[in-house]
Structure formats: C-alpha cells, structure tokens
Amino acid sequence: MAEHTSSSITIEAAPADVMAVIADFDRYPDWTGEVKEAEVQAKDDKGRAEKVRLVLDAGAIKDDHTLAYTWTGDNEVSWTLVKSQMLRALDGSYRLAATAGGATEVTYQLTVDVKIPMLGMIKRKAEKVIIDRALAGLKKRVESGPKN
C-alpha cells in the first residue's frame with residue numbers, strides 16, 4: 001500500500017456538530033475547495049452515506065470517482081475507492097476526539113495513488129494540499145454555524 005499523509009486540526013465545536021458537517025455530502029461543494037459535485041448513491045440503515053460519487057479538481061489531480069464509506073461509531077468515518085477515471089486508490093478517514101475544553105480534534109488521513117506516473121513527492125504534496133484545504137474548510141464551515 002502507498003504511504004499516507006495525515007494532519008490534524010482543532011475545531012471549536014462538539015464532535016457531533018463536526019461529524020454532521022462531514023456527513024452532509026450534498027454541501028461539500030460549498031466548503032471543500034476540491035469537490036465540485038457530490039452525489040450520495042446509497043445509504044445505510046441509519047441514513048448515512050455508504051456510496052458517494054464525487055467530482056474532484058485538486059490541481060494536479062482531477063477526477064470523477066465513487067467512494068464507499070464505513071462509519072465506526074459516531075466519531076470516525078473512512079472511505080475506499082470503488083471506481084475512478086484516473087485514481088488507483090483514494091483511501092482516507094476522519095477521526096474525531098473530544099478535547100477537555102469542549103472542542104474537537106479532527107485527524108484526516110489520506111492515501112492517493114494515481115494511474116498515471118507521478119513522482120511520490122508530487123503525490124504527497126497533492127495529498128497535503130487536499131488535507132489542509134479540507135481541514136481548513138471544515139473548521140470554517142463548522143465554526144461559522146449551521147447553514148441552510
């Protein structure tokens with residue numbers, strides 16, 4: 001398996017509020033810089049997305065792909081690639097942990113492998129850009145309060 005990239009951020013909100021934003025795929029184009037379209041194709045018995053089609057534009061990585069999501073309790077979600085035009089792998093997770101002050105520590109881990117040849121250094125940089133933008137967007141979205 002390819003190496004992964006990981007980063008964390010603290011968000012001033014309860015884990016449930018953070019996970020509610022993460023689980024709201026229809027709104028991803030509003031707060032993630034890279035996701036241009038999101039379509040939930042299947043849900044589990046709790047109404048959480050199990051299969052989601054995403055159109056991604058992350059500079060060096062542009063793709064229309066489908067991910068399968070696995071929810072572990074209320075504070076973790078992970079995903080694996082089902083199908084893609086240009087990616088061989090897109091596996092990742094969000095893990096949430098409540099902090100003593102009532103905030104949430106969010107750790108985002110991501111592994112990207114592309115079908116076209118790409119230097120590992122460039123791949124890691126793309127992963128880092130995706131993670132940093134997603135965490136910053138998530139923080140801004142959660143801390144700015146609910147949106148309709």
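This is a predicted model: local features need pLDDT of at least 70, side-chain atom pairs count only at pLDDT 80 or more; totals for chains, interfaces and linings use all residues.
**View 1**
Let's start with serine 84, which sits in strand S5, the stretch covering residues 76-84. Is this residue buried or exposed? Serine 84 has a relative accessibility of 17%, so it counts as buried, given that the cut-off for buried is under 20%. Its side chain has a polar contact with the side chain of aspartate 63, at 2.4 Å. A polar atom of the serine 84 side chain also lies 2.7 Å from the backbone nitrogen of leucine 87. Leaving aside residues up to four places away in sequence, serine 84 touches Asp63, Asp64, His65 and Lys115.

**View 2. Threonine 104 and its neighbours.**
Now hop over to strand S7, residues 104-114, where you'll find threonine 104. With a relative accessibility of 0%, threonine 104 counts as buried because the limit is under 20%. Which backbone atom does its side chain reach? That would be the backbone oxygen of alanine 13, at 2.6 Å. If you skip residues up to four places away in sequence, the residues touching threonine 104 include Ile9, Thr10, Ile11, Ala14, Pro15 and Val18. Leu96, Ala97 and Thr99 are also among them.

**View 3. Strand S5 and helix H3, seen through confidence.**
Across the chain, pLDDT averages 86, and 87% of the residues score at least 70. Which element has the highest mean pLDDT, and which the lowest? Strand S5 comes out highest at 96, while helix H3 (residues 120-143) is lowest at 76.

Conventions. Residues are numbered from 1 along each chain as its sequence is written. Side-chain values use heavy atoms; hydrogens and water are left out. Helices (H or I, at least four residues) and strands (E, at least two) are DSSP runs, numbered from the N terminus. Buried means under 20% relative accessible area, exposed over 50%, partly exposed in between (1.4 Å probe, protein chains only). A polar contact is a pair of N or O atoms within 3.5 Å; within protein, one must be able to donate a hydrogen and the other to accept it, and residues adjacent in sequence count only if both atoms are side-chain atoms. Contact means heavy atoms within 4.5 Å. pLDDT is the predictor's confidence in each residue, from 0 to 100.
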